[in-house]
2 protein chains.
Amino acid sequence: MRTFSSDSARLIAGNGIQIGRWEQYGPPGAMPFGAMWCVVPPGGRSDPDVHPETELAVVLAGAGAVEASCGTVEVLPGTAVLLDPQERHVLHNRSADEPLVVLSVYWMGGVGDAA
Amino acid sequence: MRTFSSDSARLIAGNGIQIGRWEQYGPPGAMPFGAMWCVVPPGGRSDPDVHPETELAVVLAGAGAVEASCGTVEVLPGTAVLLDPQERHVLHNRSADEPLVVLSVYWMGGVGDAA
């Protein structure tokens with residue numbers, strides 16, 4: 001059993017926010033996906049992001065929104081947002097006081113045919 | 001973009017708690033892992049669980065603990081716990097008032113050689 005948290009992770013500036021890739025925990029070989037902490041400062045937002053991987057963004061703390069090509073959804077902790085490959089998206093922090101914390105899980109392979 | 005939440009999911013009794021497998025959202029073909037909501041009632045705990053899949057348990061709400069063969073870790077929202085294949089584990093809700101909500105992600109393949 002191992003535990004991971006954004007609070008104890010090494011975060012660096014990236015994509016206009018603070019990010020922490022899980023490669024910091026060791027070789028990723030045993031996981032069938034990549035993972036990254038995304039911490040959006042109060043009132044902030046990420047740069048637009050577009051990538052070939054399918055992404056599942058799991059909201060862990062704060063209050064925010066995910067803006068994508070098909071619209072914007074408001075999100076709270078416990079919501080998971082599935083983004084298609086090449087779907088442009090922006091993370092918005094709606095709070096002026098609290099960071100928005102998201103665990104992003106991503107993998108190669110389309111999602112258009114199934115969820 | 002699709003959104004998922006345990007609040008709107010269909011949950012059923014299973015493993016001593018309430019569970020909601022993501023198969024309810026459609027064929028799982030495009031995800032390289034299985035996923036399941038786990039909702040532990042206030043003061044409750046799951047039955048012991050042992051399975052061949054590696055599991056990443058992401059805590060979304062509440063206050064609890066993950067008991068495994070190597071010990072027990074207290075967990076709060078934002079903590080992710082990685083469990084080895086065949087590692088027996090129990091989810092405990094430490095709160096008398098609030099449910100403990102966990103997103104369990106699981107896949108075949110060992111984790112012993114890497115995280």
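Two strands pair if DSSP finds at least two bridges between them. The views below show a predicted model.

**View 1. Strand β5(B) and its pairing with β10(B).** In this view, β5(B) and β10(B) are antiparallel partners, with 7 bridges between them. V58(B) of the pair stands opposite L103(B), a residue of β10(B).

**View 2. Strand β5(B) beside β8(B).** β5(B) also runs antiparallel to β8(B), to which 4 bridges join it. L56(B) stands opposite L82(B) in β8(B). Because 7 of its 8 residues are buried, β5(B) is largely enclosed by the rest of the structure.

View 3. E55(B) is buried but forms no salt bridge. R21(B), the nearest side chain of opposite charge, is 9.0 Å away. The E55(B) side chain makes a polar contact of 2.8 Å with the side chain of H51(B), and another polar contact, of 2.9 Å, links it to the side chain of S104(B).

**View 4. W22(A) in the largest nonpolar core.** This core has 36 residues, of which W22(A) and W22(B) touch the most other members. Strands β4, β5, β8 and β10 of chain A and of chain B each give two or more residues to the core. Leaving aside neighbours within four places in sequence, W22(A) contacts F4(A), M31(A), A35(A), M36(A), W37(A) and L103(A) in chain A, and L56(B) and A80(B) in chain B.

Key
Residues are numbered from 1 along each chain as its sequence is written. Chains are lettered from A and ligands numbered from 1 in the order in which they are written. This is a predicted model: local features need pLDDT of at least 70, side-chain atom pairs count only at pLDDT 80 or more; totals for chains, interfaces and linings use all residues. Side-chain values use heavy atoms; hydrogens and water are left out. A nonpolar core is a set of buried Ala, Val, Leu, Ile, Met, Phe, Trp, Tyr and Cys residues joined through side-chain atoms within 4.5 Å. Buried means under 20% relative accessible area, exposed over 50%, partly exposed in between (1.4 Å probe, protein chains only). Contact means heavy atoms within 4.5 Å. Lys and Arg count as positive and Asp and Glu as negative; His and the chain ends are not counted. A salt bridge is a side-chain nitrogen of Lys or Arg within 4 Å of a carboxyl oxygen of Asp or Glu. A polar contact is a pair of N or O atoms within 3.5 Å; within protein, one must be able to donate a hydrogen and the other to accept it, and residues adjacent in sequence count only if both atoms are side-chain atoms.
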